[in-house]
Amino acid sequence: MENLISLVNRLQRACTALGDHGEESALPTLWDALPSIAVVGGQSSGKSSVLESIVGKDFLPRGSGIVTRRPLVLQLHRLDEGREYAEFGHLPRRRFTDFAAVRKEIADETDRETGRSKQISTVPIYLSIYSPNVVNLTLIDLPGLTKVAVDGQSDSIVMDIENMVRSYIEKPNCIILAVSPANQDLATSDAIKISREVDPKGERTFGVLTKIDLMDKGTDAVDILEGKAYKLQFPWIGVVNRSQQDINKNVDMIAARRREREYFAQTPEYKHLAHRMGSEHLGKVMSKHLEAVIKSRIPGLQSLISKTLTELESELSRLGKPIATDAGGKLYMIMEICRTFDGIFKEHLDGVRPGGDKIYNVFDNQLPAALKRLQFDKHLAMENVRKLITEADGYQPHLIAPEQGYRRLIETALITIKGPAEAAVDAVYT
């Protein structure tokens, strides 16, 4: 099963390399057919912290406003042992062991695509992380939903982000990870609102509740976590992320996971739910579910790939053979085109193809009649021939008439018959 996720990872990379990342296409897009998990949430919902908790590393850019401005395809690979490292799809031969450098490269690669503006781009960034502390899983981190544009952003940024998120999660093969903060009213959750629009029955949506430890005193999230406040097909999962103070102090992510387990196990309201709470449990659940979805979609993927290959091969056949680059290859190609044309033309004349009688009429009647109307007598008069040969011979006449004189005689004759010849070609073609 673990190989299935790796296979989908490679297919996603191949799709992006070929320009297929879910946008409009004349052909069925393989990207759309591949199962994926899209992480959706509003700004400051704790979405980035959830991803970092699943990975066990502090690696995502942070700041105010819209930090994630391109989709981040995060591919996690579990190692049995060894040092953890990261690789980017656009830097395939470079390993990052310093995750602060990973954070910087995400920001730099975003700027390379969008410029140093605050605009967004639909072109994804690929990041693979290899670690003993992760499960085999692929997540797509999307820009956080927002309600207002900040300085430097166009007024359409709010709608642009929503349209990008919607383009991912409206696809039936997309699993939605809807991240909502517990210290805000769930009815105002951006993630739940947009997820409900594309998945009204909650069949593809996993609810993640963050900031449970920051709720007002005397309140809890039990009704939500038990599915009473808003029911989904899959159980809600609560997480407790690092606080801003923990982040500033560089608290170890593994230690933060341990504290998260202790919080659910020791808090009376959540003790009975502790076995299915926390970022570690979230990662395992999503990995298992993604594997199951991929397995169920394999027949459809095989059918789509076979159909697309057939259509592309047909298109390539219609376009013909590749164009040669060397002189010999170009000459051979020209000869092949002429040979093909000659064969087709002969089929018209032999009656295999229609139109042969029209061609015969042009060359038997139209062209001879046009040539007879030309003043060849004047052109081939002895006086004109003598003049052309004399001009070519110069001041020292030769015993044999010069070739240049004959050439000039022939060239002027060809110019004379050019009009009727072109008219004959046009008559055959039309």
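The questions and answers below go through its surface, helices, salt bridges, cavities and loops.

Visitor: What kind of model is this, and how are residues numbered?

Guide: This is a predicted model, in which local features need pLDDT of at least 70 and side-chain atom pairs count only at pLDDT 80 or more, while totals for chains, interfaces and linings use all residues. Side-chain values use heavy atoms, with hydrogens and water left out, and residues are numbered from 1 along each chain as its sequence is written.

Visitor: Which helix holds Y406, and what are its residue limits?

Guide: Helices are DSSP runs of H or I with at least four residues, strands are E runs of at least two, and both are numbered from the N terminus. By this scheme Y406 lies in helix α15, residues 403-429.

Visitor: About how much accessible area do Y406, I410 and L414 have together?

Guide: Patches are made of residues with over 30% relative accessible area and no salt bridge; like charges are joined within 9 Å, and nonpolar side chains (Val, Leu, Ile, Met, Phe, Trp, Tyr) within 5 Å. Y406 has a relative accessible area of 42% and is partly exposed; buried means under 20%, exposed over 50%, and partly exposed in between (1.4 Å probe, protein chains only). Areas come from the Shrake-Rupley method with a 1.4 Å probe, and for residues only the protein chains shown count as cover. Y406, I410 and L414 form a nonpolar surface patch whose accessible area together is about 310 Å².

Visitor: Which residues of α15 are buried?

Guide: One of the buried residues is A427, with a relative accessible area of 15%. The C-alpha atom of A427 is 7.1 Å from that of V362, although the two are 65 residues apart along the chain. The buried residues in α15 are G405, L409, A413, P420, A424 and A427.

Visitor: Where does α15 bend, and by about what angle?

Guide: The bend at a residue is the angle between axes fitted to the seven residues ending there and the seven starting there. A proline, P420, follows the bend within four residues. The bend is at K418, and its angle is about 45°.

Visitor: How many salt bridges does the count come to?

Guide: A salt bridge is a side-chain nitrogen of Lys or Arg within 4 Å of a carboxyl oxygen of Asp or Glu. One of them joins E84 and K57 at 3.0 Å, N to O. By this rule the count comes to 20.

Visitor: How many residues apart in sequence are the parts tied together by R242 and D58?

Guide: The side chains of R242 and D58 meet in a salt bridge of 3.3 Å, N to O. R242 lies in the loop between β9 (237-238) and α8 (244-248), and D58 in the loop between α3 and β2, so the pair ties together parts whose separation in sequence is 184 residues.

Visitor: Are R242 and D58 buried or exposed?

Guide: The cut-off for a buried residue is under 20% relative accessible area. Both R242 and D58 are buried.

Visitor: What separates E315 and R318 within their helix?

Guide: The side chains of E315 and R318 meet in a salt bridge at 3.0 Å, N to O. E315 is partly exposed at 36% relative accessible area, whereas R318 is exposed at 59%. Because they are three residues apart in helix α10 (residues 279-319), their separation is about one helical turn.

Visitor: Which residues line the largest cavity?

Guide: On a 1 Å grid over the protein atoms alone, a cavity is a set of points where a 1.4 Å probe fits but cannot get out, and lining residues have an atom within 4 Å of a point. Grid points are joined across faces, edges and corners, and a volume is the space filled by probe spheres set on the points. There are four cavities of 30 Å³ or more, and the largest has a volume of about 60 Å³. Its lining is Q12, W31, D32, L34, S36, I140, Y168, K171, N173 and C174.

Visitor: What is the phi of K211?

Guide: Most residues other than glycine have a negative phi. K211 lies in the loop between β8 and α7 and is partly exposed, with a relative accessible area of 24%. K211 is not a glycine, yet its phi is positive, at about 55°.

Methods
1 Å grid on protein atoms, 1.4 Å probe; cavity = no way out; pocket = protein on both sides within 12 Å on 5 of 7 lines; lining within 4 Å.
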